[in-house]
Amino acid sequence: MKKVITFGTFDVFHVGHINILERAAEMGNYLVVGVSSDQLNFSKKNRYPVYSEADRCRIIASLKFVDEVFLEESLELKKKYIEQHNADLLVMGDDWAGRFDWVKDVCEVLYLPRTPSISTTEIIEVVKNLK
């Protein structure tokens, strides 16, 4: 069995999230998803997600191609998470290209192209400007 792991905030869930998760699932037989905690998201983006970490985990867990979900507390613990879940492949969006090559000693790393013209940040900005 080939286990695939990926990570993300998955806030304001959209088709780009579905695309990368479906493609990640196709790379193996079992997909594990680490959902960034509210605190981790704040440290990365200087804002809290729109949806709580519990809601975001529940949304991701409900997808038929996701086998397991856990809460990611730190970017620096990627290798530990990969080892804990016995993952063979780490899949990330190409906006992270090269940033996780340091885990290649424990698993393969693949960066997939993002879905063009869609991002949670852009959606949030559009909604804010509707007022």
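**View 1. Helix α3 and its packing partners.** The buried residues of α3 pack against α1 (15-26), β2 (30-36), α2 (38-45) and β3 (68-72), where contact means heavy atoms within 4.5 Å. Helices (H or I, at least four residues) and strands (E, at least two) are DSSP runs, numbered from the N terminus. This is a predicted model, in which local features need pLDDT of at least 70 and side-chain atom pairs count only at pLDDT 80 or more, while totals for chains, interfaces and linings use all residues. Residues are numbered from 1 along each chain as its sequence is written, and side-chain values use heavy atoms, with hydrogens and water left out.

View 2. In α3 (residues 53-61), the buried residues are R56, C57 and I60; buried means under 20% relative accessible area, exposed over 50%, and partly exposed in between (1.4 Å probe, protein chains only). These residues lie on the same side of α3 because they cover an arc of only 100° around the axis, the arc being that of the directions from the helix axis to the C-beta atoms. A54 and R58, on the other side of α3, are exposed.

**View 3. The open sheet.** Five strands in the order β3-β2-β1-β4-β5 form an open sheet with parallel pairing, and two strands pair if DSSP finds at least two bridges between them. β3 and β5 (108-112) stand at the edges with a single partner strand each, so one side of each is left without a neighbour in the sheet.

**View 4. Strands β1 and β2.** Strand β1 (residues 3-8) pairs with β2 in the parallel sense over six bridges, and K3 stands opposite Y30 in β2.
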